[in-house]
Amino acid sequence: MSQQEIPYKIYLSEKEMPQAWYNMRADMKNKGAHLLNPVTHQPMTAQELETVFCSELVQQELNDNDRLIPIPDEILQFYRMYRPAPLTRAYCLERKLGTPAKIYYKFEGNNTSGSHKLNSAIAQAYYAKKQGLKGVTTETGAGQWGTALSMACAYLDLDCIVYQVKCSYEQKPFRREVIRTYGAQVIPSPSTTTAVGRQILAEFPDTDGSLGCAISEAVETALNKEGYRYVLGSVLSQVLLHQSIIGVEAKLAMDKFGIVPDIIIGCAGGGCNLGGLI
């Protein structure tokens, strides 16, 4: 197929949007290790994990067998506000580089939260609501995840408590206030609201905070607040599961024009965005 026949943007219709997440663990010959109990150093059981995470999300986290996990209708309806996301041909970049390579990118920023994070935020908020919880706690660094989760919780009428790394809380007032606009409580971390926060402040009163500290505070709050659970925007297998919609959509779009990529490139923090694409 000639270059001119491939459009700048390859769109899928809403009817073509994936109806299931892809669980890559089912296809792995060597399964990745599950989370370890910090005391016993043994893989955590579902019962142990459910003291911190929502029950359905725990089942997704431990699922090594089901290749496809259906996306609930309520989540699909939410996804349709900004999905399917286009696969874009970077013609101008190709010309600027003078390269024979054909470059495509998957654009995930066409939603109010501004990033791929919303793909998992709405799923985790949905399962929290389905479980009958009052709210969720989380951490955020730059504020992308906090924004996405606060938006999802506002949509589902859930309480949301966000511990934001102190230096980011002070340096990024726009992100902080967007989170508050959606009705979430934003607390600079470390804070005096938790035992771990007070301990860190006593030892390091001038600290700028860290993501590890914010996570610790969010987990402590979830454990001590009835009707709350902790949710996380990256790292976990169930988050990668939700982000797999990126890759499934990309493949469906490429299949329309017989495109087979030789190389896939992406940035990785916790890895769920890149992993979801791959």
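**Labels and what backs them**

Author: Let's start with a contact: a polar atom in the side chain of N23 sits 2.9 Å from the backbone oxygen of N63. A polar contact is a pair of N or O atoms within 3.5 Å; within protein, one must be able to donate a hydrogen and the other to accept it, and residues adjacent in sequence count only if both atoms are side-chain atoms. Keep in mind that this is a predicted model, where local features need pLDDT of at least 70, side-chain atom pairs count only at pLDDT 80 or more, and totals for chains, interfaces and linings use all residues. Residues are numbered from 1 along each chain as its sequence is written, and side-chain values use heavy atoms, with hydrogens and water left out.

Reader: Why does N23 count as buried?

Author: Buried means under 20% relative accessible area, exposed over 50%, and partly exposed in between (1.4 Å probe, protein chains only). N23 has 5% relative accessibility, so it counts as buried. Among the residues that N23 touches are D64, R67 and L241 (contact means heavy atoms within 4.5 Å).

Reader: And why does H41 count as exposed?

Author: H41 is at 56% relative accessibility, therefore it counts as exposed. H41 also has a positive phi, near 65°, though it is a residue other than glycine. You'll find H41 in the loop between β2 and α1 (helices, H or I, at least four residues, and strands, E, at least two, are DSSP runs numbered from the N terminus).

Reader: What makes α5 and α11 oblique to each other?

Author: Helix α5 (residues 118–130) and helix α11 (residues 237–255) pack at about 125°, with axes 8 Å apart. Axes are lines fitted to C-alpha atoms, for helices over the stretch in contact, and angles run from 0 to 180 degrees between N-to-C directions. Angles under 35 degrees count as roughly parallel, over 145 as roughly antiparallel, 65 to 115 as roughly perpendicular and the rest as oblique. So α5 and α11 are oblique.

Reader: Why is α6 called roughly parallel to α8?

Author: The axes of helix α6 (residues 144–156) and helix α8 (residues 173–181) cross at roughly 15° and come within 8 Å. That is why α6 counts as roughly parallel to α8. In this pair, Q144, G146, T147 and S150 of α6 meet R175, V178 and I179 of α8.

Terms used
Lists of a residue's contacts leave out its neighbours within four places in sequence.
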